[in-house]
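Hi,

Here is the structure I promised to pass on.

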Amino acid sequence: MGLMDAVATTIPSSSTFSSPASTTSAPTSRPVYYHHRQSQHLLKLVGAGDGGTAPAATLSQRLDYEVHSCSSHSPNYPPHNIKVNRPSDQSSRWSSSVNNQLQFVMIKLDRVSIVESIKFGKYIKVHVCNLKEFKVYGGLTPDNMVELLHSGLRNDPEPEAFRLKFTVNNVYIKISPLLAWGPQFNFSIWYVELRGVSDKGVMDRVLHDYSQFRENEVIRLCLKHFRHRGYDDVFAALQHRTSARLEDSLMTELHDALASFRDFARTESILEEACRRGLFEEYISHCDYKIKWKKLTFPPGYLTPGKRGGHQMCIDEEAGHIFLFGGWDGERDLADFWCYDLNRQQWDCISMDTQADGGPDARSCHKICFDPKTRCLFTLGRYVDADSRPNVNLEGDFWKYDTVNGFWTKISNNTQLDGGPELIYDHQMVVDSERGVMYVFGGSTIGPDPSQTVYSGLYAYDIATNVWRLLFSDATLGGADGDRGGAGGSSNGLRSRIGHSMLLNPLSRELYIFAGQRHKDYLSDLHVYDLDTGAAQEVSGDYSRQGGPEAGFTQRAALDAAHGEFYVLSGLHRDRHATHDTVKSCLWCYSLRDGRWSRLYHNANTSQEYWARMADVEPRPRYAHQLVHCRERSALFLFGGNPGDAVDGSAARLDDFWEMTLIRPKPPSILRRGLFQVRRQQFRELAEGGGGAVGALAFLRGPVAAVVDHADPAESDEFRRLSSLLVFGGASASAEAADGASAGTPRRAAWGTEPVAVAGAEATADAATERRLAGRQALYDSLLALFPLAMREPKDDLVNFVNLFA
């Protein structure tokens, strides 16, 4: 079993990882794959060994290891070189003797450890043998390992560290190169450092819990096998002897209602109870979104913001207000300030000229953000074109707007003199309202010499004390051991940039920083910065290779922390093999839970005629637009931007305003669909002779029709096809409920029945009974998917572990 080598432990129902099922008699243990932040919670749960009082952060340390083996090596580059970090020594590396994908280096830790991250050192210059793509595996034995990481290194001299996909119980770590930067060159690894937890007290507890989990999981697999095969006496004896629970008690009730008692009414009541308790939420979170665009229009003559790009928007969700400030209309910077009322669905012009009203002057490529605690809006930065710089004040002013009392306050004339950033543009800015801290990252400084490109770093601004603090920047990189760090934080490969995205997750207290442009390069990396520890980790060096968006610039992003995902609306893209920029219309979703990208919306049409025709249906591709997310409405609001090549004229800008609703099924909809499945099976059994044709037809027209969404073409068609069972009887029912077995082939036993050979179209009483049981099994499996994973029986089957060729 693959999960047997991943760390799994018994977590009390009151732990951080409790699911909705924890209010019932859940199984005594369940597998848990620990992501980085979860592993910190684990360390807090198990304590620090003897005393159990040391903070989790102090337990993570550099892990000692030896090189166990390697696939091959060149004579002068043995694998033990990776233990020593000598970036200026070209010979201090492991190098394979060939460049096929069978190459590896196997590391053996000196003890079982929870490995959290891996760091690669590099040579001081770019090198063709650096790993452009690689995988990392881990496990307790060399022959049973799970994939922990699939990523790549940049071809530069800077060390890179990666969180492992799963934090696991490891003795062995295997690094498998897949591609070098020079395709025909052998692979080289210069230095490897592992960090994690090896504390004996912690690991004894984890291994004890892990052993208990393995034992309990084996018993649960046996219980599942015995129940599905109808060995009721064996099932009862094993459960009594071990006190192990196969599943949550509600799942047992569901199974018994279908398998033992044919109690469809009880089955429906269980589904209704699950809906009331919110047990469908996990299933809903995995459902695909449906996207609905709505153009927000206003009566002729109604005052609305004009065409622009490079403007800024933020949202006050409590008040239901979206603020819009500034931008560039293709000819000049703007100083107008607007508020859109979500409840009244109207724009209000707060000011046509904020400078005349005591606020900041006209600007674009600035940033604004809203602090719910002080109910103030902050704005920082602006762009100044090269020709204007000799005649313009290049000091970085900093403002806030009191949304309650309606006035501006100038916080600073020059943030650089206060310890903050210089005048910058195309940066990112977010507020940690709980701690009263604003974070500013990236952007390019505006200096008198436009030929000089200087990127700004990561700053923290304390709102209450008006104090700036530099966490790190390009200028402060370079630690004694090769780490890149600054005053109060570690960049760990997080390069400053412009036109990127930065989101703050208040639940995990993390910043997500991704994409953007650095010099001529468009980026597709994703980093997580921990606000509590001040450490950055690279999640992906190139997510475009892992099913994510292409490298991009001026894309817009919004976070839904409660659902654990963020959304990215594309901007400028550069295809991997292209030299020019393209503007695409794509919406992506990144799941923080699964670490997986999914594309929710895409329209590749580039015809101007097409987009003119669709002007009121969906927004045309654009960049330099703005996007905000309203959690309560599960909607994104999009305004303006630059259509790029989509329309003629270099000065073209947009003034359209859109609401995009992200639609997932609601619990009542899931319940209705579940009831339809139950009543469909009940009807099938009636149609096969259990209640007569008249009774079956009445049931179809009444209870079944009542739970069908007749507006859904697929459901309506499925409902109509059910009537064929009244004409063809068991043959049609068999065709719909069969498990795929062909004529003359023994079917898989279902719920206590022995396999029944079905010859041709011959319908025997045994075959009819088997069809009903198979139909109920299929119904049970389908309904099971609606419930949280922690409540269900194991997904694996015992028979799958029998290797016929061993």
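This is a predicted model: local features need pLDDT of at least 70, side-chain atom pairs count only at pLDDT 80 or more; totals for chains, interfaces and linings use all residues.

With five of its five residues buried, β27 is largely enclosed by the rest of the structure. As background, side chains in a regular strand alternate between the two faces of the sheet.

The partner of β27 is β28, and the two run antiparallel with five bridges between them. If you want a place to start looking, Ser501 sits opposite Phe514 in β28. The two strands make a hairpin with four residues between them, and Arg509 in the turn has a positive phi of about 55°. That is a positive value in a residue other than glycine. Is Arg509 buried or exposed? Its relative accessibility is 8%, so Arg509 counts as buried, the cut-off being under 20%.

β15 pairs with strand β16 (residues 376–380) in the antiparallel sense, over five bridges. Asp371 has Cys376 as its bridge partner in β16. Four residues lie between the strands of this hairpin, and Arg375 takes a positive phi near 55°.

The other hairpin is made by β23 and β24, again with four residues between the strands; in its turn, Asn466 has a positive phi of about 60°. Strand β23 covers residues 458–462 and strand β24 residues 467–472; they run antiparallel and are joined by five bridges. Tyr459 is the residue that stands opposite Leu470 in β24.

While we are on backbone angles, have a look at His519 too. This residue is not a glycine, yet has a positive phi of about 55°. You will find His519 in the loop between β29 (517–518) and β30 (521–522). With a relative accessible area of 48%, His519 is partly exposed.

**The second largest pocket**

The elements that give two or more residues to the lining are β11 (312–316), β15 (367–371), β20 (428–432), β27 (501–505), β34 (556–560) and β40 (626–630). As for the make-up of the lining, 21 residues are nonpolar, eight are polar and ten are charged.

One residue of β40 is worth a click as well: His629 lies in that strand. His629 counts as buried, at 7% relative accessibility. From His629 to Ala558 is 71 residues in sequence, but their C-alpha atoms are 5.8 Å apart in space.

In helix α5 (residues 249–259), the buried residues are Leu250, Met251, Leu254, His255, Ala257 and Leu258. Seen down the helix axis, they fall within an arc of 165°, so they line one face of α5. The N-terminal end of α5 is capped by Asp248, which has a side-chain oxygen 2.8 Å from the backbone nitrogen of Leu250.

Helix α10 (residues 692–704) has Ala696, Phe699, Leu700 and Val704 as its buried residues. Their arc, viewed down the axis of α10, is within 100°, so these residues also line one face of their helix. On the face turned away from that buried side, α10 carries the exposed residues Val694 and Arg701.

Last, a loop residue: Asn81 is found between β2 (65–70) and β3 (94–95). Asn81 has a relative accessibility of 13% and so counts as buried. Its side chain reaches the backbone oxygen of Ser91 at 3.2 Å.

Cheers

Notes: Residues are numbered from 1 along each chain as its sequence is written. Side-chain values use heavy atoms; hydrogens and water are left out. Buried means under 20% relative accessible area, exposed over 50%, partly exposed in between (1.4 Å probe, protein chains only). The arc is that of the directions from the helix axis to the C-beta atoms. A polar contact is a pair of N or O atoms within 3.5 Å; within protein, one must be able to donate a hydrogen and the other to accept it, and residues adjacent in sequence count only if both atoms are side-chain atoms. Ala, Val, Leu, Ile, Met, Phe, Trp, Tyr, Cys and Pro count as nonpolar, Asp, Glu, Lys and Arg as charged, and the others, Gly among them, as polar. Two strands pair if DSSP finds at least two bridges between them.
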